[in-house]
Amino acid sequence: MLFLAITLGFFVENKREHYIETQRVKEFARTLAFDIASDTLNMSYITNRINIQIKNTDSLAVYMKSHKPHEIRNIVLFTLTILDRYPAYRWSRSTLEQIKNSGSLRYFGDTMVRYISSYDALSRHMDEDHRNDEEMANRAAASKDKIVDISYSNEFAQSLYLHFDSTIKTVNYQKFAANDKTPLLTTDSITLKIFLNEKLNIRRNLYIRANDELRSLINQGRRLIEKLKNKYHFK
C-alpha cells in the first residue's frame with residue numbers, strides 16, 4: 001500500500017508538473033507570436049524605406065548620367081540622397097531569450113524548434129547586413145559631403161526624410177526646388193562618378209535586403225505565427 005501511495009503521488013506530481021509546463025509553453029508561444037508580429041511590422045516599415053532609397057538612387061543615376069557635371073543641380077542631389085540609409089532593426093527578442101534561458105525550448109518539439117531557430121538565425125544575419133550597409137553608407141556620405149551643399153533648413157530636410165513621397169509632390173517644394181540657386185561644392189566629373197558608383201553599390205545590396213532577405217524573413221515570421229497558433233490553439 002505504501003508503494004502504491006508513493007507511486008500514485010509520483011504520478012500525480014508528474015501530471016501536475018506536465019500541466020504547468022504545458023501552460024507555460026503555451027503562454028511563451030502566445031507572447032512569441034506577438035513579438036514576431038511586432039518584428040514583421042518593423043520589417044515592413046524598413047522595407048518601405050529601403051524601396052524609397054532604391055527608387056531615389058535609380059532617379060539619381062538617370063539624372064547624373066543625362067546631365068553634364070556643370071548642369072547638375074545641388075537641390076536635386078540633396079533631395080535624391082536625403083534617404084541615405086535605413087533604420088536599425090528593432091527585434092522583439094525578450095520572449096525568445098526567456099525561452100532559451102529557462103530551458104523551455106525543448107518543450108516546443110523538434111519541428112517547431114527548427115522553425116524558431118531558422119527565424120532567429122536569419123534575423124541575426126540581418127543585423128550583420130545592417131552593419132555592413134552602414135559602413136557603405138558612411139563612405140558614400142563622406143563623398144557626398146565633398147559634393148553637395150546641405151545648408152538647407154532642418155525643417156526642410158526633416159520633411160524630406162520623414163515624408164519623402166508626399167513632400168516632393170507639394171507645390172511649396174516644387175516652387176522652392178525650381179528657384180533654388182545653391183551650387184554644388186564641386187563639379188569635378190571623377191568625384192561625381194565615384195559618388196554615383198558608391199550609391200549604385202549600395203543600391204545592389206538594398207535590393208537584396210528588400211526583395212530577398214526581408215521578404216523571406218517576413219514570410220518565415222508569418223508562417224511561424226500560424227504554426228504557433230495552430231499548435232497551441234490561441235488567436
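Colleague: Why does Ser-59 count as partly exposed?
Modeller: Its relative accessibility is 34%. Buried means under 20% relative accessible area, exposed over 50%, and partly exposed lies in between (1.4 Å probe, protein chains only). So Ser-59 counts as partly exposed. This is a predicted model, in which local features need pLDDT of at least 70, side-chain atom pairs count only at pLDDT 80 or more, and totals for chains, interfaces and linings use all residues. Residues are numbered from 1 along each chain as its sequence is written, and side-chain values use heavy atoms, leaving out hydrogens and water.

Colleague: Where does Ser-59 lie?
Modeller: In helix α1. Helices are DSSP runs (H or I, at least four residues), as are strands (E, at least two), numbered from the N terminus. The C-alpha atom of Ser-59 is separated by 15 Å from that of Leu-192, 133 residues apart along the chain.

Colleague: What makes Asn-42 buried?
Modeller: A relative accessible area of 15%. Asn-42 is found in helix α1, which covers residues 2-65. Leaving aside residues up to four places away in sequence, Asn-42 touches Tyr-89 and Arg-90. Contact here means heavy atoms within 4.5 Å. Between the C-alpha atoms of Asn-42 and Thr-95 there are 17 Å, at 53 residues apart along the chain.

Colleague: Which residues of helix α3 are buried?
Modeller: Thr-95, Leu-96 and Ile-99, in a helix of residues 94-102.

Colleague: How do you know that they line one face of the helix?
Modeller: Look down the axis of α3. The buried residues fall within an arc of 100°, so they line one face. The arc is taken from the directions that run from the helix axis to the C-beta atoms. An α-helix has 3.6 residues a turn, so residues three or four places apart point the same way.

Colleague: Why are α3 and α4 called oblique to each other?
Modeller: They pack at an angle of about 125°, with axes 12 Å apart. Axes are lines fitted to C-alpha atoms, for helices over the stretch in contact, and angles run from 0 to 180 degrees between N-to-C directions. Under 35 degrees counts as roughly parallel, over 145 as roughly antiparallel, 65 to 115 as roughly perpendicular, and the rest as oblique. α3 and α4 are therefore oblique.

Colleague: Which residues in α3 and α4 meet?
Modeller: Leu-96, Glu-97 and Lys-100 in α3 meet Ile-116, Asp-120 and Arg-124 in α4. By class, this contact has two nonpolar, no polar and four charged residues. Ala, Val, Leu, Ile, Met, Phe, Trp, Tyr, Cys and Pro count as nonpolar, Asp, Glu, Lys and Arg as charged, and the others, Gly among them, as polar.

Colleague: How do α4 and α8 pack?
Modeller: Helix α4 (residues 110-145) and helix α8 (residues 189-232) pack at about 160°, with their axes 10 Å apart. That angle makes α4 roughly antiparallel to α8. Their contact has 16 nonpolar, nine polar and 10 charged residues.

Colleague: What makes His-233 exposed?
Modeller: A relative accessibility of 64%. His-233 is in the segment after α8. Its phi is near 55°, a positive value in a residue other than glycine. Most residues other than glycine have a negative phi.

Colleague: Which residues of helix α5 are buried?
Modeller: In α5 (residues 154-162) they are Phe-156, Ala-157 and Leu-160. Seen down the axis of α5, they fall within an arc of 95°, so they line one face of the helix. Asn-154 and Glu-155 are exposed on the other side.

Colleague: What do the buried residues of α5 pack against?
Modeller: Against α2 (74-80), α6 (164-168) and α7 (171-179).
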